[in-house]
Amino acid sequence: METKAVAKYQRLSPQKARLVARNVLGLPVEDAINILRFTPKKAAKLIGKVLHSAVANAEQLPGVDVDNLVVKQVLVNEGPTLKRIKPRAMGRANRILKRTSHITVVVAES
């Protein structure tokens, strides 16, 4: 049985979030939560919240043992990009891209 949770429009670059997502892929949920708790990156906190939500979704299903859950898949897709402008010298302007992410965590019984 698989359950998933999704967090959309998170203000974090997908490239930075994927670095953390690779660390917990395929691990038991308890180990993944501990790794995320001690990872000093913004993405760790966001992925941890989504992982807790996926586990809570799994608890609602009948016959699912939460102790045997494994992180099956962690997807970090690109969301819409906020485009901003920074003034530069001699009347020029540089574009600043504020990227967003859609984070999906799938947990399954092992």
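Reader: What radius of gyration does the chain have, and what would a compact globule of 110 residues have?
Author: The chain has 17 Å, whereas a compact globule of 110 residues would be near 13 Å. The radius is taken over C-alpha atoms, and the globule rule is 2.2 Å times the number of residues to the power 0.38. This is a predicted model, in which local features need pLDDT of at least 70 and side-chain atom pairs count only at pLDDT 80 or more, while totals for chains, interfaces and linings use all residues. Residues are numbered from 1 along each chain as its sequence is written, and side-chain values use heavy atoms, with hydrogens and water left out.

Reader: And what does the C-alpha trace span along its principal axes?
Author: About 65 × 25 × 15 Å.

Reader: How many helices and strands are there?
Author: Three helices and five strands, in the order β-α-α-α-β-β-β-β along the sequence. Here helices (H or I, at least four residues) and strands (E, at least two) are DSSP runs, numbered from the N terminus.

Reader: Start with helix 1. Which of its residues are buried?
Author: Helix 1 covers residues 14–24, and its buried residues are Pro14, Ala17, Val20, Ala21 and Val24. They sit on the same side of the helix, because they cover an arc of only 125° around the axis. The arc is that of the directions from the helix axis to the C-beta atoms. Buried means under 20% relative accessible area, exposed over 50%, and partly exposed in between, with a 1.4 Å probe and protein chains only.

Reader: Why would residues three or four places apart point the same way?
Author: An α-helix has 3.6 residues a turn, so residues at that spacing do.

Reader: Which residues are exposed on the other side of helix 1?
Author: Gln15, Lys16 and Arg22.

Reader: What covers the buried residues of helix 1?
Author: The cover includes helix 2 (29–37), helix 3 (42–59), strand 2 (69–78) and strand 5 (101–109).

Reader: What about just after helix 1, which residue takes a positive phi?
Author: Gly26, at about 85°.

Reader: On to helix 2. Which residues are buried there?
Author: Val29, Ala32, Ile33 and Leu36. They line one face of helix 2, because they fall within an arc of 100° seen down its axis. These buried residues pack against helix 1, helix 3, strand 2 and strand 5.

Reader: Now Ala7. Buried or exposed?
Author: Ala7 is buried, with a relative accessible area of 15%. Ala7 lies in strand 1, residues 2–10.

Reader: What is Ala7 in contact with, leaving aside neighbours within four places in sequence?
Author: Val50, Ser101, His102 and Ile103. Contact means heavy atoms within 4.5 Å.

Reader: Where is the place of His102?
Author: In strand 5. His102 is buried too, with a relative accessible area of 16%. Not counting residues up to four places away in sequence, His102 touches Ala7, Lys8, Tyr9, Leu75, Val76, Asn77, Glu78, Gly79 and Pro80. The C-alpha atoms of His102 and Leu75 are separated by 7.9 Å, although the two are 27 residues apart along the chain.

Reader: Back to the whole chain. How many positive and negative side chains does it have?
Author: There are 20 positive and 8 negative ones, and the centres of the two sets lie 26 Å apart. Lys and Arg count as positive and Asp and Glu as negative; His and the chain ends are not counted. The place of a charge is NZ of Lys, CZ of Arg, CG of Asp or CD of Glu.

Reader: What percentage of the 110 residues count as buried?
Author: 37%.
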